[in-house]
Each structure stands twice: as structure tokens, then as C-alpha cells.
Amino acid sequence: MTKKEELLRIFPGAMKKRWEQALSFADKLQEIRLGAGLPVRLCISGMEKFLSSEGELRDEEKGAWRITEQELDEIVGNICRHSLYAFENEIRQGFLTVPGGHRVGLAGQVVLNENGSIRNITRIRFLNIRISHEIIGAADGVMPYLYEESRFVSTLLVSPPGCGKTTMLRDMVRQISNGNSWGRGRQVGVVDERSEIAGSFMGVPQNDVGIRTDVMDGCPKREGMMLLMRSMNPAVVAVDEIGGFEDVKAVFQILQCGSAVAATLHGSSMEDMKRHMAAGYSGKKEAAAYRPGELFERYVFLEKRQGKCRVREILNRDGERIYPGKAGGTCQNWQDVS
């Protein structure tokens, strides 16, 4: 099934024709933004476009299709196969994953439990359809730096939002799992709290994460990491967007068990990384025991220049730069869109 066909399945039959032209750009499409009474907006190759009622893409808001509450209800019903109850757990988390690994973010009226936790989201009036762009080979340039004596070493990908760290992590998982020129295939456990790495639909990964990969989908990071260690015995645990003392403790426990960790974190420097990972420490004893800046053996820093994601540098545990070295490297400009 093509990406266009996957996305057309999101919309009810009566709306499909209106989306035909827009979805012909599916390979460059990044987001579709829908809000009750608001113009339909699309992000294509970083540029905002508006969709008219006739299905035409326009540069200006004038004449744009303003989607109604009823139309939004029809779209959500179509995604949930007209059984919102069956998808209640996913809705409560604020997103749904559809075939192809595409993620539909939800916003609307929140219903709370007595203890203040979220019971459900009703009257869904805003949707953000994020299109999954799996890039096989995205991690090719960094893989030679992430092995020592055929052993994958714990690695943290650090970058600001939109620099492709989840895309790179996904391909790292695939290559670690399948095996590559630097090491044999290893058992990998993925904690996919927001279904962004494997893009699972009904528990089945829609992205290629390798033949030796187990996925804990929709599970909080800390609980998921411990569950995988107890149940699946992974050689490598992969998790997206760690940060704070509790995550650091979970990573530390995994390393103590002899497994490696591949993770991502928001930031742009070693100082950012240490500050985010130290958040929530309660005293000097904890700081001395866990030392967040020393948990990983590789730190890969990503950035975006002129619309292209690139590897800025790779540091070892001691903070020494191992890429780019004196001979240069091949990691640059690995992704055109994030």
C-alpha cells in the first residue's frame, strides 16, 4: 500500500476526493492540521499550504476549507472504526496510530477522574496528523562510531526538536537488531511510549525495526524499561526522549544488568544534556551515585542547517570528539526532511 493510500484511509468515503490532490504529495507531506471552524492546513516540505473546499492547494487562507465539528467527528469515527470505546486508552493518551505508522494527535474537552488523572477526551475538535517518514539507512553514517570490538555501546542522540533524532534512533534499532558490518544482530527492546519509533497499529510495528526487536507500545518509559528487562531479556533497550532523575535511574538500572541503551534527549550541548538529565535530583548523594553525564559511551549531536538534518559531532564518554576527526567523515546531511 502506498503512503497516499494509507492516508486516504483516514478520511470517510465522502471526503476522499477532496484529499486526492493534496495526498499526491504524500512523500513530502509532514503534517495535516484540522480544527473545528478553522482552515485546513498542510505542511509540505516545510511550507504551509491551505486546502480549498474543492481540494486545491493554495498559498493563502482565502477560500480554504473550514472543517466542521461534524466532519471532525466523522474522521475520528472512521479512524476508530466507529467504536470510540475500543480506542479509549489511546484517546486518553492524546493520540491514535493508524496503519503505516502515521500518528493522529487529538485535542478537545478533557474529562478527569476524581484524582485529577485524565479519564477521556471528548468533543475532539483538533487533529494533528503527523505523517511517518521512515528513512532506511538514516543511521548509516554514525553506526561505525557506535561499536567497540563488535559490541554496541550505549548511545544518546541529542538535538533540538525537528532535527530527526527519532528517525535516526529508529534506523539504529533496525541495524542493531538485524546486524551490520560492525556487529552481529542483537535482541532489542523498544519502549515506544508515544508510538513514534515502531509506529505500532494494534500492537504490530508499522515501521521496520528489525527481526530481533520486541516493542512495548504506549507504555510509560520508566515502567516499560523495567518490564522489558524482566520479561524479554534485551541486549539493547531503546527509548525516545528521556530526561530527569527517574529516567536516569531506569537507564542506570539497565546498564547495571549488563544491557546497553540507545536513547534520545532534547538539547544542543553537553551542558543542556546534563541539566535535563539532572532535573529532579534531591541531593548530593544521588548526584554522586548516578552522574548523568557518564551513563552513555557515545553522545551524538544533531542539528539542522538549510533545511537538512546533519550530525554535528560525536563525543565519547570522556567528552572527546571522535567525529568529525582529522580525516573528516561521512555523517553529514543524512535527511532532507524531519
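These legends walk through several close-up views of one predicted model. Local features are described where pLDDT is at least 70, side-chain atom pairs count only at pLDDT 80 or more, and totals for chains, interfaces and linings use all residues. Residues are numbered from 1 along each chain as its sequence is written, and side-chain values use heavy atoms, with hydrogens and water left out.

View 1. The largest nonpolar core holds 34 residues, and F11, W19, I32, L34, L42, I75 and L127 touch the most other members. Here a nonpolar core is a set of buried Ala, Val, Leu, Ile, Met, Phe, Trp, Tyr and Cys residues joined through side-chain atoms within 4.5 Å. Buried means under 20% relative accessible area, exposed means over 50%, and partly exposed lies in between (1.4 Å probe, protein chains only). Two or more residues of this core come from each of α1 (3-8), α2 (13-19), β1 (29-35), β2 (41-44), α3 (69-79), β5 (95-98), β6 (102-112) and β7 (118-130). These helices (H or I, at least four residues) and strands (E, at least two) are DSSP runs, numbered from the N terminus. A second, separate core has 28 residues, among them V142, C163, A260 and I314. As background, nonpolar side chains tend to be buried together in soluble globular proteins.

**View 2. Helix α3 and its residue I75.** Looking along α3, you will find E71, L72, I75, V76, G77 and I79 buried. The buried residues of this helix pack against α2, β1, β5, β6 and β7. Pick out I75, and its contacts (heavy atoms within 4.5 Å) are I10, F11, P12, M15, L34, I67 and L127, leaving aside neighbours within four places in sequence. After α3 comes R81, with a positive phi near 55°. A handy reminder for this view: an α-helix has 3.6 residues a turn, so residues three or four places apart point the same way.

View 3. Q30 sits in strand β1 and counts as buried because its relative accessibility is 15%. Its side chain reaches the backbone nitrogen of G46 at 2.6 Å, and a polar atom of the Q30 side chain lies 3.3 Å from the backbone nitrogen of S45. S45 belongs to the loop between β2 and β3 (47-51). Phi of S45 is positive, near 50°, in a residue other than glycine. With 37% relative accessibility, S45 is partly exposed.

**View 4. A nonpolar patch on the surface.** V110, L112 and I118 make up a nonpolar surface patch with about 240 Å² of accessible area together. Such areas come from the Shrake-Rupley method with a 1.4 Å probe, and for residues only the protein chains shown count as cover. Patch residues have over 30% relative accessible area and no salt bridge, with nonpolar side chains (Val, Leu, Ile, Met, Phe, Trp, Tyr) joined within 5 Å and like charges within 9 Å. A salt bridge is a side-chain nitrogen of Lys or Arg within 4 Å of a carboxyl oxygen of Asp or Glu. V110 is in strand β6 and is partly exposed, at 42% relative accessibility.

**View 5. E148 and its partner R298.** Strand β8 (residues 147-148) contains E148, which is partly exposed at 32% relative accessibility. The side chains of E148 and R298 are joined by a polar contact of 2.9 Å. A polar contact is a pair of N or O atoms within 3.5 Å; within protein, one must be able to donate a hydrogen and the other to accept it, and residues adjacent in sequence count only if both atoms are side-chain atoms. Beyond neighbours within four places in sequence, E148 is in contact with V153, E297 and R298. R130 is 18 residues from E148 along the chain, and their C-alpha atoms are separated by 36 Å.

View 6. E313 is part of strand β16 (residues 308-316) and is buried, with a relative accessible area of 12%. A polar contact of 3.0 Å links the side chains of E313 and R321. Setting aside residues up to four places away in sequence, E313 touches Y299, V300, F301, R321, Y323 and P324. Y323 and P324 are joined by a cis peptide bond, with omega about -10°. P324 is placed in the segment after β17 (321-323).
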